[in-house]
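Please look through the model shown here before reading on.

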Amino acid sequence: IISIIIILAGAIAFIIGFGISGRHSITVTTLTSAGNIGEDGILSCTFEPDIKLSDIVIQWLKEGVTGLVHEFKKGKDDLSDQDEMFRGRTAVFADQVIVGNASLRLKNVQLTDAGTYKCYIITSKGKGNAKLEYKTGAFSIPEVNVDSNASSESLRCEAPRWFPQPTVVWASQVDQGANFSEVSNTSFELNPENVTMKVVSVLYNVTINTTYSCMIENDIAKATGDIRVTDSEIKRQSHLQLLNSKASLCLSSFVAISWVLLPLCPYLMLK
(Lines give C-alpha, C1' and ligand atoms only; values in the text may rest on other atoms or scores of the structure.)
Protein backbone atom coordinates (compact mmCIF):
# COMPACT_ATOMS: atom_id res chain seq x y z
CA ILE A 1 0.00 0.00 0.00
CA ILE A 2 2.83 2.36 0.94
CA SER A 3 4.54 1.77 -2.39
CA ILE A 4 1.29 2.45 -4.27
CA ILE A 5 0.76 5.70 -2.38
CA ILE A 6 4.32 6.77 -3.13
CA ILE A 7 3.92 5.95 -6.82
CA LEU A 8 0.67 7.93 -6.99
CA ALA A 9 2.28 10.84 -5.14
CA GLY A 10 5.17 10.76 -7.57
CA ALA A 11 2.81 10.77 -10.54
CA ILE A 12 0.84 13.69 -9.12
CA ALA A 13 4.05 15.59 -8.37
CA PHE A 14 5.25 14.94 -11.92
CA ILE A 15 2.02 16.29 -13.39
CA ILE A 16 2.13 19.36 -11.15
CA GLY A 17 5.80 19.89 -11.91
CA PHE A 18 5.23 19.62 -15.64
CA GLY A 19 2.33 22.05 -15.37
CA ILE A 20 4.50 24.54 -13.54
CA SER A 21 7.26 24.12 -16.12
CA GLY A 22 4.76 24.76 -18.89
CA ARG A 23 4.26 28.26 -17.52
CA HIS A 24 7.99 28.84 -17.98
CA SER A 25 8.04 28.19 -21.73
CA ILE A 26 7.25 30.44 -24.65
CA THR A 27 7.31 29.84 -28.39
CA VAL A 28 9.64 31.92 -30.55
CA THR A 29 9.57 31.74 -34.36
CA THR A 30 12.08 33.14 -36.84
CA LEU A 31 12.05 33.29 -40.63
CA THR A 32 15.24 32.70 -42.59
CA SER A 33 15.71 35.54 -45.03
CA ALA A 34 18.21 37.33 -47.25
CA GLY A 35 19.60 40.84 -47.14
CA ASN A 36 20.24 43.00 -50.20
CA ILE A 37 23.64 44.70 -49.90
CA GLY A 38 23.35 48.45 -49.41
CA GLU A 39 19.66 48.34 -48.60
CA ASP A 40 17.72 47.82 -45.36
CA GLY A 41 16.85 44.27 -44.32
CA ILE A 42 14.50 42.57 -41.87
CA LEU A 43 15.37 39.68 -39.55
CA SER A 44 11.94 38.28 -38.69
CA CYS A 45 11.08 37.03 -35.19
CA THR A 46 7.77 36.60 -33.38
CA PHE A 47 6.87 35.37 -29.90
CA GLU A 48 3.91 34.80 -27.60
CA PRO A 49 2.68 38.29 -26.63
CA ASP A 50 2.82 39.63 -23.09
CA ILE A 51 0.40 42.26 -21.75
CA LYS A 52 3.19 44.02 -19.83
CA LEU A 53 5.69 45.75 -22.11
CA SER A 54 8.03 46.42 -19.18
CA ASP A 55 8.48 42.65 -18.68
CA ILE A 56 9.59 41.97 -22.26
CA VAL A 57 13.28 41.64 -23.08
CA ILE A 58 14.47 41.15 -26.67
CA GLN A 59 18.07 40.25 -27.41
CA TRP A 60 19.49 39.69 -30.87
CA LEU A 61 22.82 37.86 -30.98
CA LYS A 62 25.12 36.74 -33.79
CA GLU A 63 27.48 33.77 -33.69
CA GLY A 64 31.09 34.88 -33.65
CA VAL A 65 30.27 38.39 -32.42
CA THR A 66 31.19 39.31 -28.83
CA GLY A 67 28.67 42.09 -28.21
CA LEU A 68 24.93 42.11 -28.77
CA VAL A 69 23.39 42.92 -32.11
CA HIS A 70 20.50 44.69 -30.38
CA GLU A 71 18.70 44.74 -27.03
CA PHE A 72 15.25 46.04 -26.10
CA LYS A 73 14.03 46.01 -22.50
CA LYS A 74 11.76 47.97 -20.14
CA GLY A 75 9.95 49.41 -23.14
CA LYS A 76 12.98 50.92 -24.90
CA ASP A 77 16.30 50.16 -26.61
CA ASP A 78 19.33 49.41 -24.45
CA LEU A 79 22.41 49.55 -26.68
CA SER A 80 25.07 49.71 -23.95
CA ASP A 81 26.37 46.23 -24.88
CA GLN A 82 25.90 46.53 -28.65
CA ASP A 83 28.76 45.38 -30.85
CA GLU A 84 30.52 48.13 -32.78
CA MET A 85 29.76 46.61 -36.21
CA PHE A 86 26.03 47.17 -35.64
CA ARG A 87 26.26 50.64 -34.10
CA GLY A 88 23.59 52.95 -35.54
CA ARG A 89 22.26 50.26 -37.88
CA THR A 90 19.60 48.38 -35.89
CA ALA A 91 16.07 48.98 -34.65
CA VAL A 92 13.08 46.96 -33.47
CA PHE A 93 9.48 47.85 -34.20
CA ALA A 94 8.85 49.27 -30.73
CA ASP A 95 5.12 49.82 -31.23
CA GLN A 96 4.67 46.16 -32.24
CA VAL A 97 6.64 44.48 -29.45
CA ILE A 98 3.55 44.31 -27.23
CA VAL A 99 1.81 42.12 -29.85
CA GLY A 100 4.74 39.72 -30.16
CA ASN A 101 6.85 41.21 -32.95
CA ALA A 102 10.58 41.09 -32.15
CA SER A 103 11.77 41.55 -35.75
CA LEU A 104 14.95 43.52 -36.28
CA ARG A 105 15.49 46.16 -38.95
CA LEU A 106 19.08 46.13 -40.18
CA LYS A 107 20.12 49.27 -42.04
CA ASN A 108 22.60 49.37 -44.93
CA VAL A 109 23.13 45.60 -45.15
CA GLN A 110 26.77 44.57 -45.55
CA LEU A 111 28.24 41.39 -46.99
CA THR A 112 29.72 40.64 -43.55
CA ASP A 113 26.25 40.68 -41.93
CA ALA A 114 25.69 37.13 -43.18
CA GLY A 115 25.66 34.45 -40.50
CA THR A 116 23.66 32.72 -37.77
CA TYR A 117 21.53 34.94 -35.53
CA LYS A 118 19.57 34.16 -32.38
CA CYS A 119 16.38 35.91 -31.30
CA TYR A 120 16.21 35.53 -27.50
CA ILE A 121 13.03 36.52 -25.66
CA ILE A 122 12.18 36.93 -21.96
CA THR A 123 8.65 37.73 -20.79
CA SER A 124 6.64 37.28 -17.60
CA LYS A 125 5.62 33.88 -19.01
CA GLY A 126 9.17 32.60 -19.39
CA LYS A 127 12.00 32.42 -21.91
CA GLY A 128 12.48 31.26 -25.48
CA ASN A 129 14.79 31.60 -28.46
CA ALA A 130 15.10 30.63 -32.10
CA LYS A 131 17.92 30.86 -34.64
CA LEU A 132 17.93 32.03 -38.24
CA GLU A 133 20.43 31.91 -41.07
CA TYR A 134 20.86 35.31 -42.69
CA LYS A 135 22.33 35.39 -46.17
CA THR A 136 23.56 38.55 -47.84
CA GLY A 137 24.04 39.32 -51.50
CA ALA A 138 22.63 41.50 -54.23
CA PHE A 139 19.60 40.95 -56.41
CA SER A 140 17.46 43.12 -58.64
CA ILE A 141 14.61 42.84 -61.12
CA PRO A 142 15.73 42.66 -64.77
CA GLU A 143 14.38 44.96 -67.45
CA VAL A 144 13.95 43.51 -70.94
CA ASN A 145 13.80 45.74 -74.00
CA VAL A 146 14.14 45.50 -77.76
CA ASP A 147 17.81 46.09 -78.57
CA SER A 148 17.71 48.90 -81.08
CA ASN A 149 21.52 48.87 -81.47
CA ALA A 150 21.65 45.31 -82.81
CA SER A 151 21.75 44.52 -86.52
CA SER A 152 19.03 41.88 -86.19
CA GLU A 153 15.90 41.49 -84.07
CA SER A 154 17.31 41.19 -80.57
CA LEU A 155 16.29 41.54 -76.93
CA ARG A 156 18.43 43.09 -74.22
CA CYS A 157 18.05 42.05 -70.57
CA GLU A 158 19.68 44.24 -67.91
CA ALA A 159 19.78 43.99 -64.11
CA PRO A 160 21.83 46.56 -62.17
CA ARG A 161 22.99 44.64 -59.06
CA TRP A 162 23.73 40.95 -58.44
CA PHE A 163 26.06 39.04 -56.12
CA PRO A 164 27.25 36.29 -56.09
CA GLN A 165 27.53 36.02 -59.87
CA PRO A 166 24.26 34.56 -61.15
CA THR A 167 23.35 32.33 -64.06
CA VAL A 168 21.28 33.77 -66.90
CA VAL A 169 18.94 31.63 -68.97
CA TRP A 170 16.61 32.64 -71.79
CA ALA A 171 13.34 30.81 -72.44
CA SER A 172 10.54 31.02 -74.98
CA GLN A 173 6.86 30.31 -74.52
CA VAL A 174 6.76 28.73 -77.95
CA ASP A 175 10.01 26.72 -77.91
CA GLN A 176 9.79 25.38 -74.37
CA GLY A 177 12.95 23.56 -73.34
CA ALA A 178 14.98 25.13 -76.15
CA ASN A 179 18.63 26.02 -75.45
CA PHE A 180 19.30 29.66 -76.33
CA SER A 181 22.92 29.71 -75.14
CA GLU A 182 24.26 29.69 -78.72
CA VAL A 183 22.12 32.67 -79.77
CA SER A 184 22.69 34.80 -76.68
CA ASN A 185 25.57 36.63 -75.07
CA THR A 186 25.85 37.44 -71.35
CA SER A 187 28.33 39.77 -69.64
CA PHE A 188 28.98 40.84 -66.05
CA GLU A 189 30.32 44.31 -65.23
CA LEU A 190 31.67 45.09 -61.75
CA ASN A 191 29.96 48.07 -60.12
CA PRO A 192 31.98 50.95 -58.56
CA GLU A 193 31.81 49.49 -55.02
CA ASN A 194 33.72 46.41 -56.33
CA VAL A 195 31.24 43.88 -54.92
CA THR A 196 28.04 43.75 -56.95
CA MET A 197 27.87 43.39 -60.70
CA LYS A 198 25.66 44.60 -63.51
CA VAL A 199 24.19 41.82 -65.64
CA VAL A 200 23.61 42.30 -69.37
CA SER A 201 22.35 39.56 -71.66
CA VAL A 202 21.38 39.86 -75.33
CA LEU A 203 19.22 37.33 -77.17
CA TYR A 204 19.53 37.35 -80.98
CA ASN A 205 17.21 36.29 -83.81
CA VAL A 206 13.97 36.64 -81.87
CA THR A 207 10.56 36.06 -83.43
CA ILE A 208 7.74 38.55 -83.26
CA ASN A 209 4.50 37.64 -81.41
CA THR A 210 6.42 35.37 -79.03
CA THR A 211 6.91 35.75 -75.27
CA TYR A 212 10.54 35.52 -74.12
CA SER A 213 11.79 35.27 -70.55
CA CYS A 214 15.15 36.34 -69.14
CA MET A 215 15.78 34.40 -65.90
CA ILE A 216 18.57 35.43 -63.52
CA GLU A 217 19.35 33.28 -60.48
CA ASN A 218 21.92 32.75 -57.75
CA ASP A 219 21.69 30.93 -54.40
CA ILE A 220 19.79 33.84 -52.83
CA ALA A 221 17.22 35.00 -55.36
CA LYS A 222 15.62 34.32 -58.72
CA ALA A 223 14.31 37.10 -60.95
CA THR A 224 12.46 36.88 -64.24
CA GLY A 225 11.74 39.48 -66.88
CA ASP A 226 9.17 38.64 -69.57
CA ILE A 227 8.59 40.50 -72.83
CA ARG A 228 6.22 40.02 -75.74
CA VAL A 229 6.62 42.12 -78.88
CA THR A 230 3.76 42.35 -81.40
CA ASP A 231 3.13 44.54 -84.42
CA SER A 232 1.25 47.06 -82.30
CA GLU A 233 2.63 46.90 -78.75
CA ILE A 234 5.23 45.65 -76.28
CA LYS A 235 4.11 43.88 -73.09
CA ARG A 236 6.45 43.41 -70.12
CA GLN A 237 6.21 41.61 -66.81
CA SER A 238 8.78 40.90 -64.11
CA HIS A 239 9.00 39.37 -60.66
CA LEU A 240 11.56 38.53 -57.97
CA GLN A 241 11.60 35.53 -55.63
CA LEU A 242 13.83 35.00 -52.60
CA LEU A 243 15.02 31.41 -52.29
CA ASN A 244 15.25 29.11 -49.27
CA SER A 245 13.09 31.21 -46.95
CA LYS A 246 11.85 29.02 -44.12
CA ALA A 247 10.57 29.35 -40.59
CA SER A 248 12.30 28.07 -37.47
CA LEU A 249 10.30 27.41 -34.32
CA CYS A 250 11.65 26.73 -30.86
CA LEU A 251 9.71 25.93 -27.71
CA SER A 252 11.85 26.48 -24.64
CA SER A 253 10.68 24.54 -21.61
CA PHE A 254 12.12 23.78 -18.20
CA VAL A 255 10.72 20.33 -17.55
CA ALA A 256 10.64 19.48 -13.85
CA ILE A 257 11.35 15.76 -14.01
CA SER A 258 14.62 15.08 -12.23
CA TRP A 259 13.84 17.04 -9.08
CA VAL A 260 10.49 15.22 -8.75
CA LEU A 261 11.43 11.64 -9.56
CA LEU A 262 15.00 11.27 -8.34
CA PRO A 263 14.18 11.78 -4.64
CA LEU A 264 11.46 9.14 -4.98
CA CYS A 265 13.65 6.47 -6.56
CA PRO A 266 14.61 4.73 -3.29
CA TYR A 267 10.96 4.55 -2.23
CA LEU A 268 9.78 3.12 -5.54
CA MET A 269 11.77 0.00 -4.72
CA LEU A 270 9.70 -0.66 -1.60
CA LYS A 271 7.37 -3.60 -1.65
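Asp78 is partly exposed, with a relative accessible area of 21%, where buried means under 20% relative accessible area, exposed means over 50% and partly exposed lies in between, computed with a 1.4 Å probe on protein chains only. This is a predicted model, in which local features need pLDDT of at least 70 and side-chain atom pairs count only at pLDDT 80 or more, while totals for chains, interfaces and linings use all residues. Residues are numbered from 1 along each chain as its sequence is written, and side-chain values use heavy atoms, with hydrogens and water left out.

The side chain of Asp78 meets that of Lys73 in a salt bridge with an N to O distance of 3.4 Å, the term standing for a side-chain nitrogen of Lys or Arg within 4 Å of a carboxyl oxygen of Asp or Glu. Lys73, at 29% relative accessibility, is likewise counted as partly exposed. Side chains of opposite charge can pair when their charged atoms come close. A search of the whole structure finds eight such salt bridges, and one of them joins the side chains of Lys131 and Glu63 at 3.3 Å, N to O. That pair links distant parts of the chain, with Lys131 in strand E10 and Glu63 in the loop between E4 and E5, 68 residues apart. Lys131 is partly exposed at 41% relative accessibility, and Glu63 is partly exposed as well, with a relative accessible area of 49%. Glu233 also forms a salt bridge, with Lys235, the closest N and O atoms being 3.6 Å apart, and Glu233 has a relative accessible area of 39%, which makes this residue partly exposed. Salt bridges that share partners join Arg156, Glu158 and Lys198 into one network.

Lys73 in E5 stands opposite Val57, and E4 pairs with strand E5 (residues 70-73) in the antiparallel sense over four bridges, two strands being paired if DSSP finds at least two bridges between them. E4 and E9 pair in the antiparallel sense too, over six bridges, and Trp60 stands opposite Cys119 in E9. How many of the six residues of strand E4 are buried? Five of the six residues of strand E4 (residues 57-62) are buried, so this strand is largely enclosed by the rest of the structure.

The structure holds three aromatic pairs, the rings of Phe, Tyr and Trp (its six-membered ring) being paired if their centres lie within 6.5 Å, with planes under 30 degrees apart counted as stacked, over 60 as edge-to-face and the rest as tilted. One of these pairs, Phe86 and Tyr117, is edge-to-face, at 6.4 Å centre to centre and 70 degrees between the planes. Phe86 lies in the loop between strand E6 (76-77) and strand E7 (90-92) and Tyr117 in strand E9 (residues 115-123), so the pair ties together parts that are 31 residues apart in sequence. Phe86 is buried at 0% relative accessibility, and Tyr117 is buried with a relative accessible area of 1%. Tyr117 and Tyr134 form another edge-to-face aromatic pair, at 6.0 Å centre to centre and 90 degrees between the planes. Because Tyr117 lies in strand E9 and Tyr134 in strand E10 (residues 126-137), this pair ties together parts that are 17 residues apart in sequence. Tyr134 is buried, as is Tyr117, and Phe86, Tyr117 and Tyr134 form one aromatic cluster.

Elsewhere, an open sheet of four strands has the order E13-E16-E17-E18, with antiparallel pairing. Strand E13 (167-172) and strand E18 (234-242) stand at the edges with a single partner strand each, so one side of each is left without a neighbour in the sheet. Within this sheet, strand E16 (residues 211-217) and strand E17 (residues 221-229) pair in the antiparallel sense over seven bridges, and Met215 has Thr224 in E17 as its bridge partner.

Taken as a whole, the protein holds three helices and 19 strands, and buried residues make up 39% of its 271 residues.

Technical notes
Helix = DSSP H or I, 4+ residues; strand = E, 2+ residues; numbered from the N terminus.
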